[in-house]
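Here are a few notes to read with the structure open beside you. Take them one point at a time and find each piece as you go.

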Amino acid sequence: MALRHSPSRRPGHAPGRVLPLAIAAVSVVALAPAASAAQPRFTPGAPGLGDTYFPLEGNGGYDALHYSLNVAYDPEYDQLDGTVTMTARATQNLSSFDLDLSGMDVERVRVDRNRADFRRRGQELVVKPRRGIRKGEVFKTSITYGGVPQTIVGSPIVFGSPYGFLHTPDGAFVGGEPNGASTWFPVNDHPSDKATYDYTITVPKGLKAVANGRLKSHTARTASFSRRRSATAASTFRWVEDKPMASYLTTMDIGKWNVKEGRTPLGTPNYTAVDPALIAAQPDAVDFFFNTTSEATDLWTRTWGPYPFNTTGAIADDARFNGAPLGFSLETQGKPVYSAVRDTTTIAHELAHQWFGDSVSPKRWKDIWLNESFATWSHLWWNEKHGGATVADAVRATYNSRPFPDPAGRPFWSVVVADPQRDTMFNQRVYSGGAMVLQFLRERIGDERFFTLLRTWVARYRYSNATTEDFTALAAKVSGQDLTEFWKTWIYSPGKPPLPQK
C-alpha cells in the first residue's frame, strides 16, 4: 500500500434507509454430524480475534469459507443494497456469532434459511440462530442490508487519508486496508480468515463494475434501485475470485471504464480498466498500465515463482475525496487499484504484493512488514533492473538520510519493524527500513540462499497466513546460519544499528 496525503472529509453521507428492493444476505448451511448422547453445550463466538492492533476485527467461533455478494449500487444516491451470503464452518459449538459491519442498516438475517435474531453493537453484528450450530458444521448466513457506505476519514493509521468505500462522481472506488471492508459488506474482517468470493453487481446502464477475480458474465437488464421511483435500465456484472483472499484485499470499483484485456508474454490474463478522465490527461494511460502490469507480473513470476491468481491487471480511477485527489494505491487481489496514474515503481510494488501480502498474508497485523518490506525490496530490485540505483546503494542512501535521533522528532528508527504499533504500522521504517533489513540479510547469507529463501517462503505459505517467527525460522533453515542476533538488532529492536559493510 502507498499513502501520500490526507484530503478532508466529504460531507453529507448518512446511512440510507433500506427499502423492500434492497436485500443483502449472509447464509449458513448446516451439515449436521451424528448426534451425541450427551447434550452439547453451545456458547457464543468471540466478538473479535484479539489482534493486538485491532482487537474487535474478525470474529471467533467459525471459519469463513466463501462470500457471495449480490449487490446493487446507485451512484446518484450513493446507495448500496444487496444480498451477501457467507458460507462458514463452525470451530466450536455456537449459540451465536458475530460479523463485522460498520454503519449500514440491517433488515433481516437468516441462518440456514431460518429467520435468526440479530442485534447491533458498535461494529459488531451479533447473530443468534434458531438452533445451536455444532462444531464442524458448515452453515450459511444471509444478511439483508443497505445504506450509504461510510468513508473512513482522519485515521492516524493511514496518516488521515480517506480509505474504505470512496464515493466518486460516476461510481465508487474501494481500498480497504486495513479495516475498511466492513464499511460496505458484513464480513469476518481480519486477514487470518481468508475465503473465496463471487460478486454479482448491478449498476445503472452506462456504468461498469470491476471486482476481484475474472469476469464471468455481463448482462443488460431492467432493475429497481431502492431510491428510484421506478425500474430503470441496468447492467449486471458477475466476478469470481476462486483463490482465498483476505477481506482487506476485496474491491468493487464502479465507473465509466476503458478496458483492455489480453495476456502477459508469459500467459497470465491481464484485465486493465482505466477511468476516461485519466486518459484525457494522459492519452496512453490504458497502454501504460496494461504494459507495465504485464512486464512487472512476468518479472515477479520469474523471480518469485508462479503467479498466484487467475488474473493480473489494474483498476485506475480519477478518485477524489471532497475534490482533492486521493494519495494511495493498494494491492487489491489480482488487480491493484490506483487513485491516479502512478509511476512504474508503484505498479511494480503493488504487483509484488500479489506474492507478498496477497498470496502469503499476515496472520497478525503486527506482521505487516512481511507485506510492505518485501514489496519495497522488490520495487528497488525493479528499479535496479531498469537502470536505477542498485538495491545495496538504495538502502544505504535511506540509512544515511535518516538521522538518529531525528531533530524534527519524526519516527523512523524508533519504530520496531516486527511490531511497529497500530498507528505507525505504515511508517517508512516498515517500508524502506524493512527493505534495508532484507538487503542486509541478502548480503549476509548470499544471493543463492536469499532468493531460495523468498521463493520457498511464497511456495510454502501460498494462499495461507504466516508470522514473522515463521519467516525467521525458515531463514535459519535455508541459510544454515544462526541469525538470532541479526533479527534482534534489525527487526525486534528500536534504534539505528551500525551500518553493515557490503
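Predicted model: local features only at pLDDT ≥ 70, side-chain atom pairs only at ≥ 80, totals over all residues.

1. Now follow β7 to its partner. β7 and strand β8 (residues 124-128) run antiparallel, and five bridges join them.

2. Next, a bit of charge. Side chains of opposite charge can pair when their charged atoms come close. The structure has 16 salt bridges. One of them is between aspartate 98 and arginine 121, where the closest N and O atoms are 3.6 Å apart. This pair ties together distant parts of the chain, with aspartate 98 sitting in strand β4 (residues 94-100) and arginine 121 in strand β7, 23 residues apart.

3. On to the helices. Helix α5 (residues 391-401) packs against helix α6 (residues 428-445) at an angle of about 130°, and their axes are 9 Å apart. Angles over 145 degrees would count as roughly antiparallel and 65 to 115 as roughly perpendicular, therefore α5 and α6 are called oblique to each other. Their crossing is left-handed.

4. Who does the touching here? From α5 come Val391, Ala392, Val395, Arg396, Thr398 and Tyr399, while α6 brings Ser432, Ala435, Met436, Gln439, Phe440, Arg442 and Glu443. Sorted by class, the α5 contact with α6 has seven nonpolar, three polar and three charged residues.

5. The other pair to look at is helix α7 (residues 447-460) with helix α8 (residues 468-479): their axes come within 10 Å and cross at roughly 135°. α7 and α8 are therefore oblique to each other as well. What is the handedness of the α7 and α8 crossing? It is right-handed, whereas α5 and α6 cross in a left-handed way.

6. Last, the residues in that contact. α7 supplies Arg449, Thr452, Leu453, Leu454, Thr456, Trp457 and Arg460, and α8 supplies Asp470, Phe471, Leu474, Ala475, Lys477, Val478 and Ser479. By class, the α7 contact with α8 comes to seven nonpolar, three polar and four charged residues.

Methods. Residues numbered from 1 in each chain as written. Heavy atoms only, no water. Axes fitted to C-alpha atoms, helices over the stretch in contact; angles between N-to-C directions. Helix = DSSP H or I, 4+ residues; strand = E, 2+ residues; numbered from the N terminus. Parallel < 35°, antiparallel > 145°, perpendicular 65-115°, else oblique. Left-handed = near helix turned anticlockwise from the far one by under 90°. Contact = heavy atoms within 4.5 Å. Nonpolar A, V, L, I, M, F, W, Y, C, P; charged D, E, K, R; others polar. Pairing = 2+ DSSP bridges. Salt bridge = Lys/Arg side-chain N within 4 Å of Asp/Glu carboxyl O.
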